[in-house]
There are 2 protein chains.
Amino acid sequence: MLGLMQNHPLLISSLITFAERHHGEGEIVSRRVEGDLHRYTYKDLAARSRQVANAIDGLKLGFSDRVATLAWNGYRHLELYFGVSGSGRVLHTLNPRLHPDQITWIANHAEDTVLCFDMSFLPIIKAVHAGCKTIRHYVALCDAAQLPADSGIPGLISYEAWIGAQSDAYEWPEFDENSASSMCYTSGTTGNPKAALYSHRSTILHALAGALPDALSMSARDCVLPVVPMFHVNAWGLPYSAAMTGAKLVFPGPAMDGKSIYELIEGEKVSFAAGVPTVWQMMLGHMQANNLRFSTLKRTVIGGSACPPAMINAFNDVYGVEVLHAWGMTEMSPLGTVCTLKNKHLDMAPADKLKVRLKQGRGIYGVDMKIVDDTGKELPWDGKAYGDLLVKGPWIISGYFKGEGGSPLVDGWFPTGDVATIDPDGYMQITDRSKDVIKSGGEWISSIDVENIAMAHPAVAMAACIGMKHPKWDERPIVAVVRKPGAEVTRDELLAFYEGKTAKWQIPDDVVFVDAIPLGATGKMQKMKLREQLKDYVLPGL
Amino acid sequence: MLGLMQNHPLLISSLITFAERHHGEGEIVSRRVEGDLHRYTYKDLAARSRQVANAIDGLKLGFSDRVATLAWNGYRHLELYFGVSGSGRVLHTLNPRLHPDQITWIANHAEDTVLCFDMSFLPIIKAVHAGCKTIRHYVALCDAAQLPADSGIPGLISYEAWIGAQSDAYEWPEFDENSASSMCYTSGTTGNPKAALYSHRSTILHALAGALPDALSMSARDCVLPVVPMFHVNAWGLPYSAAMTGAKLVFPGPAMDGKSIYELIEGEKVSFAAGVPTVWQMMLGHMQANNLRFSTLKRTVIGGSACPPAMINAFNDVYGVEVLHAWGMTEMSPLGTVCTLKNKHLDMAPADKLKVRLKQGRGIYGVDMKIVDDTGKELPWDGKAYGDLLVKGPWIISGYFKGEGGSPLVDGWFPTGDVATIDPDGYMQITDRSKDVIKSGGEWISSIDVENIAMAHPAVAMAACIGMKHPKWDERPIVAVVRKPGAEVTRDELLAFYEGKTAKWQIPDDVVFVDAIPLGATGKMQKMKLREQLKDYVLPGL
């Protein structure tokens with residue numbers, strides 16, 4: 001027997017309709033590519049999103065056709081979030097930090113039909129447009145007057161002229177809530193990029209759960225600064241959660257330096273900011289150098305990579321700002337865990353609270369997780385056992401766009417590629433990447449732990465631990481080390497340095513001194529390349 | 001094109017599974033009918049909910065069969081919430097405050113198969129069991145030892161013996177999220193009671209939205225006391241939101257007096273309590289008489305009826321507790337609006353904040369509302385225009401169980417039976433019940449406004465305003481008044497008292513002095529009965 005409740009599909013258009021009716025006067029402030037601050041309301045956003053929908057209908061795009069963006073965080077990008085998905089098309093956010101060849105490959109793979117871009121990315125568009133076979137329309141996110149006379153892009157139109165010609169009356173269509181709403185490509189370390197294809201249902205459920213007090217905690221009393229880019233996993237869903245709750249939104253546009261971000265926080269009375277550690281490092285540097293304080297910022301969510309304890313302490317102790325670690329993936333919409341405290345932690349000493357805060361956090365309702373050993377057996381949540389981390393839930397992918405890479409799921413669970421512990425209170429902590437962990441004699445050795453010890457030696461500038469095949473132990477760790485300029489340390493000295501700092505069997509079998517560790521575009525160590533470089537290496541005693 | 005996200009139906013069993021895995025150590029404390037305090041954890045709750053499911057399976061109930069409860073707020077009732085709905089049966093919470101004849105009628109209409117009851121309700125069971133034709137099993141929520149030797153109920157078993165014999169291993173079944181999960185009958189003022197039939201989907205969406213910071217704001221840092229009964233609209237969804245977030249739960253059982261509630265709040269460090277004004281009145285009375293303070297309570301949600309300004313002030317100013325008005329209906333699961341403030345209100349003077357707080361509040365995402373005039377035309381949100389309030393959303397009914405009363409919807413909207421204003425910020429305020437408002441010359445007169453003015457006269461004990469048919473104006477208001485013992489006031493004096501306090505056309509045409517106003521079981525004025533009493537009344541000048 002079915003319940004007798006009203007049938008309303010969970011559609012992204014419901015967010016903007018709700019925002020207009022229930023907090024239409026809420027503010028949205030954007031620093032523009034043009035340099036100025038633009039401000040308007042959710043009511044304006046709703047009207048212009050409907051103009052976007054009419055403009056897209058005018059291009060005769062089919063249901064689920066892809067509309068791509070190459071844009072900073074700002075109100076026009078936000079209008080595309082609602083106008084494109086709301087009208088039944090798929091919003092495809094392209095990452096401007098990729099190489100033009102990758103952007104071309106991705107746009108062709110996605111079969112994008114329209115590309116809307118901020119003028120600061122015109123050089124990228126010039127580099128890619130000849131290779132993008134499916135894109136029929138290029139739209140520059142500016143006024144007609146700002147359009148260069150000869151952009152070199154055939155048929156280029158300005159966004160303002162494009163949507164300005166449209167009515168702001170539009171009936172949002174109703175369709176299956178499982179329809180695709182948006183997509184984002186992962187920057188896979190191996191092979192071609194693969195796309196997560198989000199649905200309206202997954203987006204709404206993620207926005208609801210993401211706004212909970214134990215997640216990002218979004219309300220009409222908040223003023224939110226998403227520094228995390230809208231071109232990367234929908235800015236952690238903040239644009240959707242904001243429209244759902246009426247939080248004031250503040251967008252930084254292209255000005256991501258410490259001074260600009262600090263001034264935006266103070267000028268707009270931001271209460272909550274979200275971003276990756278590097279942005280906060282720049283901002284804290286600017287504040288320290290100029291002896292500045294926050295007057296309104298209460299909390300910041302840090303994700304993308306682990307936050308150094310020193311930064312958590314600086315935010316907490318020096319500036320009185322609560323730091324929340326968050327963890328997720330493109331394949332997870334992206335929110336998986338947020339490190340909010342429990343009732344039982346509130347009376348803890350600050351040092352003990354910090355220990356909790358260093359972990360990646362607890363699963364939000366909707367996300368289940370487990371850690372498993374080599375055989376797939378679930379490991380205990382004791383904070384010590386570590387294994388491959390798997391997740392499942394309604395905003396986690398079941399597969400990639402066009403079936404690329406086959407089915408990623410294992411018995412319905414998505415393998416994250418991370419190795420983690422989970423403690424009895426449900427707090428997860430990443431210890432390594434699965435592909436980097438060393439499997440020695442049936443036990444696992446965290447490459448990160450091995451590297452951290454080497455990095456603590458005063459003569460070491462950088463260290464990378466990799467596993468080498470071993471006939472008896474399967475694998476044994478070695479550590480590749482770059483010495484600091486002018487500093488001296490021998491192999492035996494460094495191996496001796498490990499004594500007493502870790503279990504004997506976790507000490508690497510060898511140290512290899514190298515001039516440099518290969519790094520990727522985002523500064524991450526490329527251990528695959530390091531392994532190639534050391535392909536002729538033989539472990540001592542073999 | 002569909003998105004490529006995992007397919008997980010929104011089922012109530014997912015709440016208890018999540019609770020066990022992610023905050024299994026969270027506490028649940030219950031004052032029992034036995035008088036003592038019982039405490040255990042979400043992990044225990046999950047195990048015993050699975051025992052309930054096995055016990056129900058053992059009775060060979062079919063999918064969607066109804067299992068009824070007649071119980072206070074407590075852990076056993078909570079186990080039935082999860083065990084009954086999770087196993088695919090429908091939880092039917094009976095209201096012990098109804099007359100036994102009504103309970104019998106409702107149990108027969110619902111076709112309940114099992115009835116689980118607290119021992120304090122044994123007299124009700126004795127009165128109804130002969131008339132309840134479909135109930136095959138009676139379960140007393142107690143130990144086997146507490147079962148009376150001769151209860152008079154054939155085949156009566158104890159809950160602990162019943163579920164104690166079961167394994168706590170159980171695979172929650174997966175089924176359509178639109179399946180019925182639970183039901184609650186409204187105490188309609190006219191005709192037979194009608195039942196709202198909730199679904200798993202509506203319950204989960206309601207629990208998510210209800211836990212948002214702009215609604216009840218539930219987190220793992222909260223300790224929640226639901227004083228609002230679990231036999232009435234699922235205790236505003238708090239049991240579900242608590243399992244979702246890991247909030248500590250504290251249940252008052254049958255001890256609803258001011259002293260017991262106060263001691264529970266202090267003893268268990270409650271941060272958040274929810275209930276109707278009368279309960280808080282008793283508690284504040286106890287606190288004032290004994291000069292007591294709160295040490296942990298931070299906020300209280302008040303619903304069921306409007307909260308007197310004096311109570312809001314007492315909580316806020318004297319005890320430092322934030323009061324949130326909430327409004328909803330059985331037909332709405334029940335949450336519709338909660339009166340949380342917006343960013344723009346935070347710097348307001350306390351008196352101006354109080355004006356906002358007196359309203360019923362803003363719609364939660366998922367609930368849309370509108371006010372319409374007699375012709376169904378939508379009225380502006382200006383805080384002045386008032387009209388019939390209609391709502392729609394995924395946790396609002398589309399119809400009643402067994403189609404009783406036909407389709408209640410008007411163009412997809414559910415008419416609440418309330419008359420309200422909505423201001424430009426989206427704050428709704430109830431001004432009257434639709435059936436009580438007086439329609440005079442195309443304009444509406446709030447019967448409550450007319451009554452409030454009369455009640456402000458020192459000689460008036462009670463006042464009830466009703467509309468009388470009028471050939472020119474359709475209706476004109478008169479006010480029936482009960483004088484205070486020994487007090488004197490004439491018709492003309494009272495009519496003169498209205499001058500300057502309201503518009504001339506809103507002043508009642510007449511005053512009728514009566515000995516008493518008919519009241520219902522819950523203390524509400526029964527204007528239908530008053531109209532019957534005055535059926536021979538003729539307006540002056542007609």
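Trainee: In which helix of chain A is Ser49(A) found?

Mentor: The model is predicted: local features need pLDDT of at least 70, side-chain atom pairs count only at pLDDT 80 or more, and totals for chains, interfaces and linings use all residues. Residues are numbered from 1 along each chain as its sequence is written, chains are lettered from A and ligands numbered from 1 in the order in which they are written, and side-chain values use heavy atoms, with hydrogens and water left out. Helices (H or I, at least four residues) and strands (E, at least two) are DSSP runs, numbered from the N terminus. Under that naming, Ser49(A) is found in residues 42-58 of chain A, which form helix H2.

Trainee: Is Ser49(A) buried or exposed?

Mentor: Buried means under 20% relative accessible area, exposed over 50%, and partly exposed in between (1.4 Å probe, protein chains only). The relative accessible area of Ser49(A) is 0%, so this residue is buried.

Trainee: From which residue does the backbone oxygen lie 2.7 Å from a polar atom of the side chain of Ser49(A)?

Mentor: Contact means heavy atoms within 4.5 Å, and, not counting residues up to four places away in sequence, Ser49(A) touches Ile16(A), Glu79(A), Phe82(A), Gly83(A) and Trp172(A). The 2.7 Å distance, however, involves the backbone oxygen of Leu45(A).

Trainee: How are the rings of Phe82(A) and Tyr240(A) arranged?

Mentor: Rings of Phe, Tyr and Trp (its six-membered ring) pair if their centres lie within 6.5 Å; planes under 30 degrees apart count as stacked, over 60 as edge-to-face and the rest as tilted. By this rule there are 22 aromatic pairs over all chains. For Phe82(A) and Tyr240(A) the centres are 6.1 Å apart and the planes stand at 85°, so the arrangement is edge-to-face.

Trainee: How many residues apart in sequence are the parts that this pair ties together?

Mentor: Phe82(A) belongs to helix H3 (residues 75-86) of chain A, and Tyr240(A) to helix H8 (residues 238-245) of chain A. The pair therefore ties together parts whose separation in sequence, in residues, is 158.

Trainee: What are the centre-to-centre distance and the angle between the planes for Trp280(B) and Phe315(B)?

Mentor: Trp280(B) and Phe315(B) form an edge-to-face aromatic pair. Trp280(B) lies in helix H10 (residues 277-290) of chain B and Phe315(B) in helix H11 (residues 309-318) of chain B, 35 residues apart. Both residues are buried, and the two values for the pair are 6.2 Å and 85°.

Trainee: How many residues of helix H7 of chain A are buried?

Mentor: Among the buried residues of H7(A) are His200(A), Arg201(A) and Gly210(A). Helix H7 (residues 200-210) of chain A is largely enclosed by the rest of the structure, because its buried residues number 11 of the 11.

Trainee: Which residue of chain B forms a salt bridge with Arg201(A)?

Mentor: A salt bridge is a side-chain nitrogen of Lys or Arg within 4 Å of a carboxyl oxygen of Asp or Glu. Between chain B and chain A the count is 12 salt bridges. In the one made by Arg201(A), the closest N and O atoms are 2.8 Å apart, and the partner is Glu177(B).

Trainee: What area do chain B and chain A bury between them?

Mentor: In this interface, 84 residues of chain B are in contact with 83 residues of chain A. Buried area is the accessible area (1.4 Å probe) that two parts lose on being put together, summed over both. Carbon and sulfur atoms account for 56% of the total, which is about 6,200 Å².

Trainee: Which backbone nitrogen does the side chain of Asp432(A) reach at 2.6 Å?

Mentor: Asp432(A) lies in strand S20 (residues 427-433) of chain A and is buried, with a relative accessible area of 2%. Leaving aside neighbours within four places in sequence, its contacts include Asp418(A), Val437(A) and Ser447(A). The backbone nitrogen reached at 2.6 Å is that of Ser447(A).

Trainee: What is the value of omega for the peptide bond from Ser333(A) to Pro334(A)?

Mentor: Most peptide bonds are trans. The bond from Ser333(A) to Pro334(A) is cis, and Pro334(A) lies in the loop between strand S14 (322-328) and strand S15 (335-338) of chain A. Its omega is near 10°.

Trainee: What is the phi of Asp411(B)?

Mentor: Most residues other than glycine have a negative phi. Asp411(B) is exposed, with a relative accessible area of 76%. Although Asp411(B) is not a glycine, its phi is positive, at about 50°.

How values were computed. A polar contact is a pair of N or O atoms within 3.5 Å; within protein, one must be able to donate a hydrogen and the other to accept it, and residues adjacent in sequence count only if both atoms are side-chain atoms.
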